[in-house]
Amino acid sequence: MNNIEDTLIAHIRSIASEGGDISPDTALLELGLLDSINLVGLIQFVEDTFALKIPDRDIGADLFATPRTLATYVKARLSAEGRVAATA
């Protein structure tokens, strides 16, 4: 794992309806671990923690499929902006 994934997983564990064992490949939506309220909170957490704005066009089930898909997105966005996350 990496620090971005670790940060996301720790936060997801704290908000998931059934915390437990969450790995980088845990199917968050498929398993019902995140509801719509938790997703909004997760978006806000990502935007605040990594100082980036997730455009509405990027928000969808694919983005939140697993912690790994979200971490990959964050890394790509930070890289595209020429920044490195403080937690990377």
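Helices (H or I, at least four residues) and strands (E, at least two) are DSSP runs, numbered from the N terminus. With that convention, select Phe64, which lies in the loop between H2 and H3.

This is a predicted model, in which local features need pLDDT of at least 70 and side-chain atom pairs count only at pLDDT 80 or more, while totals for chains, interfaces and linings use all residues. Residues are numbered from 1 along each chain as its sequence is written, and side-chain values use heavy atoms, with hydrogens and water left out.

**Stop 1: Phe64**

Phe64 counts as buried because its relative accessibility is 3%; buried means under 20% relative accessible area, exposed over 50%, and partly exposed in between (1.4 Å probe, protein chains only). Next, display its contacts (heavy atoms within 4.5 Å). Leaving aside residues up to four places away in sequence, Phe64 touches Leu28, Leu29, Leu39, Leu42, Ile43, Ile59, Thr69 and Leu70. Of these, pick Leu42: 22 residues separate Phe64 from Leu42 in sequence, and their C-alpha atoms are 9.4 Å apart.

**Stop 2: helix H2**

Select residues 36-50, helix H2. Its 15 residues should span 21 Å at 1.5 Å a residue, and the end C-alpha atoms are 21 Å apart, which agrees; the expected span is 1.5 Å times one less than the number of residues. Colour the buried positions of H2, namely Asn38, Leu39, Leu42, Ile43, Phe45, Val46, Glu47 and Phe50. Their cover includes H1 and H3.

**Stop 3: H2 against H3**

The axes of H2 and H3 come within 12 Å and cross at roughly 35°; axes are lines fitted to C-alpha atoms, for helices over the stretch in contact, and angles run from 0 to 180 degrees between N-to-C directions. Leu42, Val46 and Phe50 of H2 meet Leu70, Val74 and Leu78 of H3. By class, this contact of H2 with H3 has 6 nonpolar, no polar and no charged residues (Ala, Val, Leu, Ile, Met, Phe, Trp, Tyr, Cys and Pro count as nonpolar, Asp, Glu, Lys and Arg as charged, and the others, Gly among them, as polar).

**Stop 4: H1 against H3**

Ile4, Glu5, Leu8, Ile9 and Ile12 in H1 meet Pro67, Arg68, Leu70, Ala71, Val74, Lys75 and Leu78 in H3. The contact of H1 with H3 has 9 nonpolar, no polar and 3 charged residues.
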